[in-house]
Amino acid sequence: MVDVPARPPVPAGSAAHSPPAALPVPARLTPADHDLLLDLLGTPTAGPLETGPDGPAVRLWEAGRAYAVAAATLGLRVLHHAPPDPAALRRDDVPLTVREAALDETFLVRQPSLVLRLGPELPRQDTVMFNVHLDTVAGWWPARFDGRRFTGRGAVDAKGPAVALLAGIRAARAVEPALGSRVGVLVQAVAGEEGGAMGTFGTRPLVEDGFTGGLNLFCEPTGHRFLPRSTASMTAVVRVEGEDAVDDRPAAGHNATVLLGHISHYLARALPPRIGDGRVCVAGLHTGERHNRVYGTGRLLLNLSYGSRSAGRAAEAALEQTLREALADFSSGVAGTPDLARTAADATRITSLHWHKRGLPALDGRGRAPWAEELLERHAGLVRWPDEEPAFTCDAIWMADVPDSYTAVFGPGDLDTNHAHAAGEYVDLDDLDRYADEIARVLVARVRHGPPGDGAGEPSDAHSAAVPGAAADRIAPR
């Protein structure tokens with residue numbers, strides 16, 4: 001996911017967060033939940049896309065087993081615990097970095113995803129699905145809990161929310177026995193959310209296998225507001241492939257450093273105003289390390305987010321046009337400079353645009369299911385993320401094309417305030433307790449306030465997706 005602008009927290013006791021009907025006893029994490037979270041935080045789960053091929057071993061199998069054992073005490077059973085078929089990564093819209101990493105046959109084997117279910121096979125509209133990710137970004141330090149705050153990699157993104165989710169399910173079952181009989185729950189605990197994988201080998205295969213509900217919540221830090229949008233992003237590479245030159249004869253070669261520097265400056269100024277629904281990040285620039293040569297080759301990376309497929313296509317076209325303008329501006333501006341004359345003359349010929357990632361969906365569920373938004377706001381007492389505030393990227397994009405469903409991103413804490421993806425990541429126990437209570441209210445509200453025609457939907461493929469015998473725990477050591 002990407003960072004979002006800082007925003008002030010909403011006071012826990014504000015009227016906006018007071019539900020119409022609070023639970024008889026607010027949901028709280030137990031000492032056993034605290035121990036589970038510390039166990040998960042102490043289990044390194046950053047994948048090889050984050051740590052590199054020589055990084056520490058990723059222990060997602062162990063994390064998934066620990067989570068499944070805890071969930072079993074609430075009645076959730078394992079439907080699936082395995083990596084996807086390698087064919088999932090042989091698709092054009094899989095990021096290039098993922099496809100390259102998957103050439104190592106152990107890449108997927110080390111990164112399973114887990115699916116748990118509470119209740120029997122039910123129609124999709126009678127199922128609530130939660131998605132959490134157990135993988136993290138790189139950077140690990142010993143987990144700690146001082147009685148008020150948990151610190152450790154994944155505390156807020158998203159192991160803390162994953163544990164609070166179980167506490168919320170437990171509290172909801174205590175209040176509403178029909179949860180797990182009339183309304184079922186699915187929990188996806190996935191790999192491959194971080195590292196630029198964009199859910200291509202975690203969430204997407206599970207969604208395509210039908211592990212979805214009529215209401216779907218992705219547990220990411222949103223400051224306790226539900227966000228029915230998720231941007232996608234694409235990664236572009238501008239390459240210069242010219243000829244090097246010795247420092248004593250700089251005019252003899254192509255100066256990729258100066259050319260890419262001009263292009264990056266031009267794109268940073270001219271491209272953002274042309275991206276109507278997204279952001280532009282002008283990122284890594286590399287030509288060489290030495291001072292005594294002119295580098296004729298190099299590359300510039302860009303990341304562009306967008307809120308819809310059409311906006312993504314428009315952003316692609318805008319980048320292509322702006323790059324042409326940048327090249328023309330460079331050539332006209334330095335044509336009279338002797339040391340850059342050859343670079344100016346050949347700029348268009350030696351510069352090319354390549355895509356490492358594009359074509360991913362974006363989610364915008366606003367107005368898609370009025371019953372679900374009424375349930376979350378009126379019956380569960382949640383607050384919606386303002387339309388004017390930018391969304392961010394997460395695995396919820398893979399729900400964009402799932403029919404007869406409503407999806408939102410919803411979780412405790414903030415990506416920026418709680419130092420997600422940075423040193424010192426933390427989450428406060430009060431935040432997790434509040435989230436558990438909100439999850440419980442959502443589930444109780446869903447049992448009592450279903451969609452129009454509740455109970456008349458078609459069965460979801462999710463509940464028959466697992467192979468025969470899937471109720472047995474498919475988590476043998478790998």
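**Cysteines and the domain interface**

1. Cys281 is partly exposed, its relative accessible area being 40%. The model is a predicted one, and the accessibility given here, like the other values in this note, is computed from it.

2. The disulfide count for this model comes to zero. Cys281 takes part in no disulfide, since the nearest cysteine sulfur, belonging to Cys394, lies 18 Å away, whereas a disulfide would need the two sulfur atoms within 2.5 Å. Cys394 is likewise in no disulfide, and the cysteine sulfur nearest to Cys394 is that of Cys219, at 10 Å. Cys394 is buried, with a relative accessible area of 4%, while Cys281 is partly exposed.

3. As to the overall division of the chain, the domain assignment gives domain 1 as 31–231 + 362–449 and domain 2 as 233–357. The C-alpha centres of domain 1 and domain 2 are 38 Å apart.

4. How much area do domain 1 and domain 2 bury between them? The value is about 740 Å², of which 54% is on carbon and sulfur atoms. On the domain 1 side, the residues that lose the most area to domain 2 are Leu96, Thr231 and Ala362, which together account for 50% of what that side buries. In terms of contacts, nine residues of domain 1 meet eight residues of domain 2.

5. Sorted by class, the side of domain 1 that touches domain 2 comprises six nonpolar, one polar and two charged residues. Arg309 forms a salt bridge with Asp401, in which the closest N and O atoms are 3.1 Å apart. Between domain 1 and domain 2, two residue pairs are counted in polar contact, with both residues at pLDDT 80 or more.

Key. Residues numbered from 1 in each chain as written. Predicted model: local features only at pLDDT ≥ 70, side-chain atom pairs only at ≥ 80, totals over all residues. Heavy atoms only, no water. Domains from an automatic or database assignment. Contact = heavy atoms within 4.5 Å. Buried area = accessible area lost by both parts, 1.4 Å probe. Salt bridge = Lys/Arg side-chain N within 4 Å of Asp/Glu carboxyl O. Polar contact = N/O pair within 3.5 Å; in protein donor to acceptor, adjacent residues only side chain to side chain. Nonpolar A, V, L, I, M, F, W, Y, C, P; charged D, E, K, R; others polar. Buried < 20%, exposed > 50% of the residue type's maximum accessible area, 1.4 Å probe, protein only.
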